[in-house]
Amino acid sequence: MSRRSLDETLSFIAAVDHAGSADAVLKTVLSVVKPFGFSQVLAGIIPLPGMSAQQQVANVVLHQWPEQWSQRYFSQGYLFDDPTIQRVTRSTEPFLWSELEGSYRDRPSARRIMGEAREFDLGFGFTVPMLTLDGQSAGFSIASDRGELPPQYRGPLQLLAIYAFGRALSLADTPPSVKLTPRETDVLQWIAEGKSDWEISKILHVSEHLVDKMARQIRIKFGAANRTQAVAQALRHRIIR
Amino acid sequence: MGIHIVTAENIGSYAEAMEQAYRLRHAVFVEEMGWNDLRRPDGREIDQFDDGRAVHILYLDGDQLVGYQRMLPSMRPHLLSEVMPHLCDGDFPVGPHIWEWTRYCVTKEHRDRGRMLSLAGNLLLSAIVEWGLESGVSKIIIEMNPIWLLRLVQLHFRVTPLGIPQKAGKDSIVAVTAAFDSRTLARLRDVRGDNRRAITVQPAIDRRVRA
């Protein structure tokens with residue numbers, strides 16, 4: 001069992017080392033965690049209290065998470081009341097979200113966040129805390145609507161999380177050789193500020209269809225799995241602010 | 001302030017510093033971390049691996065010890081092979097180019113500020129890489145909490161797990177090998193913001209090997 005887990009972990013590490021984009025890292029991660037029922041991945045450096053929504057998003061390095069939920073989560077500042085985030089900054093051990101339930105029973109804000117997450121099919125999660133060279137806390141979460149995780153898979157998933165995060169972080173720190181047109185930059189800036197395609201189409205006097213098309217083009221240019229991932233990279237490298 | 005490499009060649013001139021090293025090891029590993037198997041009535045943590053082949057790396061401020069770590073050759077009994085074989089799911093990594101890094105400790109006053117890698121931590125790691133590159137060592141075995149793994153990766157060590165993390169008390173522990181090269185050294189110096197060599201004193205025999 002453990003020899004096989006190790007071999008599987010080593011081939012995962014080799015695959016992730018060759019991943020050339022955050023999207024490729026995500027695909028490799030999902031191929032491993034899908035058999036356990038996990039379909040969502042979010043990883044990033046934990047923002048410091050008081051950081052703006054934009055700064056929080058810039059700290060994201062891997063994002064395969066319900067977009068509407070991320071939008072609400074970051075714009076409402078949920079992060080600072082999120083019991084999983086609090087655990088990451090205090091503990092070095094991976095945990096299932098269900099193991100935290102006792103710790104926030106008396107905190108309505110935390111209960112509300114976990115409850116709302118469940119409505120976005122994030123009812124069951126596993127999070128791995130990490131520490132960067134700069135001393136920042138970081139977290140890597142996988143989630144699904146419900147599930148179970150046999151204890152013997154925690155160790156392999158912890159290693160997977162660390163290597164995926166390490167690779168994604170080094171890719172995120174490499175300035176992207178992305179050239180956006182001024183129009184695309186505008187679109188991405190409005191996306192970062194939480195505007196819908198319809199709102200952006202009114203602001204820029206173009207069709208909603210064109211906004212959607214440009215958003216897809218931007219995603220492809222960044223090699224990003226989704227809009228939030230593209231916004232995170234653009235913010236990190238000050239392509240938008 | 002500087003890093004001293006202490007081997008059988010020169011340990012005679014480090015009696016007082018080694019005494020401080022054994023006491024720091026006891027203070028950190030037994031009293032702080034609660035590794036009670038290592039407890040000794042005289043407060044000096046010394047084990048069967050502290051023999052003539054061990055390489056002690058001391059970080060000294062004048063004659064005051066600030067930090068310490070020990071390197072053991074993988075060709076001879078070491079912690080992974082003798083004490084923690086359950087952390088290694090495959091063959092033990094063995095060879096003249098592979099040494100085991102153990103007993104890393106720093107006095108309280110010189111620990112990480114916040115949770116950044118401290119200057120003492122950086123210098124001790126840099127010393128391993130400098131010593132390794134000059135003595136034909138390119139890979140170290142480490143048993144550690146997996147939380148430190150990302151940091152080693154960010155320092156351009158090529159880290160490969162030897163097993164799956166195991167629970168040890170309330171913490172996890174994993175055995176890895178960490179390979180390094182001149183890029184690792186450049187990265188460490190860059191993070192430290194200082195291009196100077198970390199090692200200030202080493203035994204003559206090491207210099208002969210280098211020449």
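Which way does α8(A) pass α9(A), in a right-handed or a left-handed crossing? The crossing is right-handed, meaning that the near helix is turned clockwise from the far one by less than a right angle, with anticlockwise giving left-handed. Keep in mind that this is a predicted model, where local features need pLDDT of at least 70, side-chain atom pairs count only at pLDDT 80 or more, and totals for chains, interfaces and linings use all residues. Residues are numbered from 1 along each chain as its sequence is written, chains are lettered from A and ligands numbered from 1 in the order written, and side-chain values use heavy atoms, leaving out hydrogens and water.

**Helix α8 of chain A and its partners**

- Helix α8 (residues 182-192) of chain A packs on helix α9 (residues 197-204) of chain A at about 135°, with the axes 10 Å apart; helices here are DSSP runs (H or I, at least four residues) numbered from the N terminus, and axes are lines fitted to C-alpha atoms over the stretch in contact, with angles from 0 to 180 degrees between N-to-C directions.
- That angle makes α8(A) oblique to α9(A) (under 35 degrees is roughly parallel, over 145 roughly antiparallel, 65 to 115 roughly perpendicular, and the rest oblique).
- A:R183, A:D186, A:V187, A:W190 and A:I191 of α8(A) touch A:I200, A:I203 and A:L204 of α9(A), where contact means heavy atoms within 4.5 Å.
- With helix α11 (residues 227-236) of chain A, α8(A) packs at about 105°, the axes again 10 Å apart.
- So α8(A) is roughly perpendicular to α11(A).
- On the α8(A) side, A:L188, A:I191 and A:A192 meet A:R227, A:A230, A:V231 and A:A234 in α11(A).

**Where chain A meets chain B**

- Contact involves 27 residues of chain A and 30 residues of chain B.
- The two chains bury about 2,300 Å² between them, 66% of it on carbon and sulfur atoms; buried area is the accessible area (1.4 Å probe) lost on putting the two parts together, summed over both.
- A:E93, A:L131 and A:L133 supply 32% of the area that chain A buries against chain B, more than any other three residues.
- The interface has 1 salt bridge (a side-chain nitrogen of Lys or Arg within 4 Å of a carboxyl oxygen of Asp or Glu).
- A:E93 forms a salt bridge with B:K167, the closest N and O atoms being 3.1 Å apart.

**A helix pair in chain B**

- Helix α3 (residues 119-135) and helix α5 (residues 182-192) of chain B pack at about 155°, with axes 10 Å apart.
- They are therefore roughly antiparallel to each other.
- Their crossing is left-handed.

Technical notes. Helices (H or I, at least four residues) and strands (E, at least two) are DSSP runs, numbered from the N terminus.
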